[in-house]
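This report goes through one protein chain, from confidence in the model to single positions in the fold. Please keep the sequence and the structure in view while reading.

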Amino acid sequence: SGRAKNSATMVLSDANRQVIHHLAETLHANAATYGADALARLFEIHPQTKTYFSSFTGYEATNPQVIAHGTKVMEAVAKAAGHLDDLPHHLEKLAKKHGLELLVDPHNFVLFSNIIVVTLAIHLPTFPPATHTAVDKFLEEIAHQLSSEYR
């Protein structure tokens, strides 16, 4: 991408922001369930992602390591919702860890974002187009920022 790594690429309407802030509470309250489900789905649908988790003893949603990492991811997403105006700075340490230390293929952030959308659509009582749009924009920006150290 030709964008500077710290540029604000996300355009969220006030309605999008309200959806994301409300969703953050739900993500926080259900971090273990949603996180484990999303991560297990990622491993099942995109088995190549397991290579970053070779120490795991299993890849199903009931595995304690999957629950722990999935919870960490969902908590980070929920926390990012509180930093919509400063995501590049807020996610900088995570971007460096994943890009420079863990060497995660940045495409995996896009794959996982899509899986998170599906997971939310399954678990939330409703998932109208407005929520889907807001979540898509938000997760796309998170994926972009987590990939920033590769550029």
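## Burial and the case of S113

A residue counts as buried when its relative accessible area is under 20%, and as exposed when that area is over 50%. S113 has a relative accessible area of 11%, so S113 is buried. This serine belongs to helix α6. Beyond its neighbours within four places in sequence, S113 is in contact with L139 and A143. S113 and I45 lie 68 residues apart in sequence, and their C-alpha atoms are 13 Å apart in space.

## Confidence in the model

The model is predicted. Mean pLDDT for the chain is 91, and 93% of the residues reach 70 or more. Among the elements, helix α2, residues 31-45, has the highest mean pLDDT, 98. The lowest mean, 90, belongs to helix α5, residues 92-101.

Where pLDDT is low, the predicted coordinates should not be read in detail.

## The nonpolar core

How many residues does the largest nonpolar core have? The count is 42. Those with the most contacts inside this core are L27, F112, L120, F138, L139 and I142. Helices α1, α2, α3 (64-80), α6 and α7 are the elements that give two or more residues to the core. With eight residues, α2 gives the most.

F112 is in contact with A38, L39, L42 and V73, leaving aside neighbours within four places in sequence. L120, placed in helix α6, has a relative accessibility of 1% and therefore counts as buried. Not counting residues up to four places away in sequence, L120 touches L23, L27, Y34, F127 and V135.

## Helix α1 against helix α7

Helix α1 covers residues 14-29 and helix α7 covers residues 129-146. Their axes come within 9 Å and cross at roughly 80°. An angle from 65 to 115 degrees counts as roughly perpendicular, and α1 is therefore roughly perpendicular to α7.

On the α1 side, the residues that meet α7 are N16, V19, I20 and L23. Their counterparts in α7 are T131, A134, V135, K137 and F138. By type, the residues of this contact divide into six nonpolar, two polar and one charged. L23 and V135, which take part in this contact, are also touched by L120.

Is N108 buried or exposed? Its relative accessibility is 10%, so N108 counts as buried. N108 lies in helix α6, which spans residues 107-123. Leaving aside neighbours within four places in sequence, the contacts of N108 are with T49 and Y52.

## Exposed loop positions

The following residues lie in loops. L103 is in the loop between α5 and α6. With a relative accessible area of 57%, which is over the 50% cut-off, L103 is exposed. The phi angle of L103 is near 55°, a positive value in a residue other than glycine. Most residues other than glycine have a negative phi.

T62 sits in the loop between α2 and α3. Because its relative accessible area is 65%, T62 is exposed. The C-alpha atoms of T62 and T33 are separated by 9.3 Å, while the two residues are 29 residues apart along the chain. T126 is in the loop between α6 and α7, and its relative accessibility of 59% makes T126 exposed as well. T126 and G35 are 91 residues apart along the chain, and their C-alpha atoms are separated by 18 Å.

Definitions and conventions. Residues numbered from 1 in each chain as written. Predicted model: local features only at pLDDT ≥ 70, side-chain atom pairs only at ≥ 80, totals over all residues. Heavy atoms only, no water. pLDDT = per-residue confidence, 0-100. Helix = DSSP H or I, 4+ residues; strand = E, 2+ residues; numbered from the N terminus. Buried < 20%, exposed > 50% of the residue type's maximum accessible area, 1.4 Å probe, protein only. Contact = heavy atoms within 4.5 Å. Axes fitted to C-alpha atoms, helices over the stretch in contact; angles between N-to-C directions. Parallel < 35°, antiparallel > 145°, perpendicular 65-115°, else oblique. Nonpolar A, V, L, I, M, F, W, Y, C, P; charged D, E, K, R; others polar. Core = buried A, V, L, I, M, F, W, Y, C linked by side-chain atoms within 4.5 Å.
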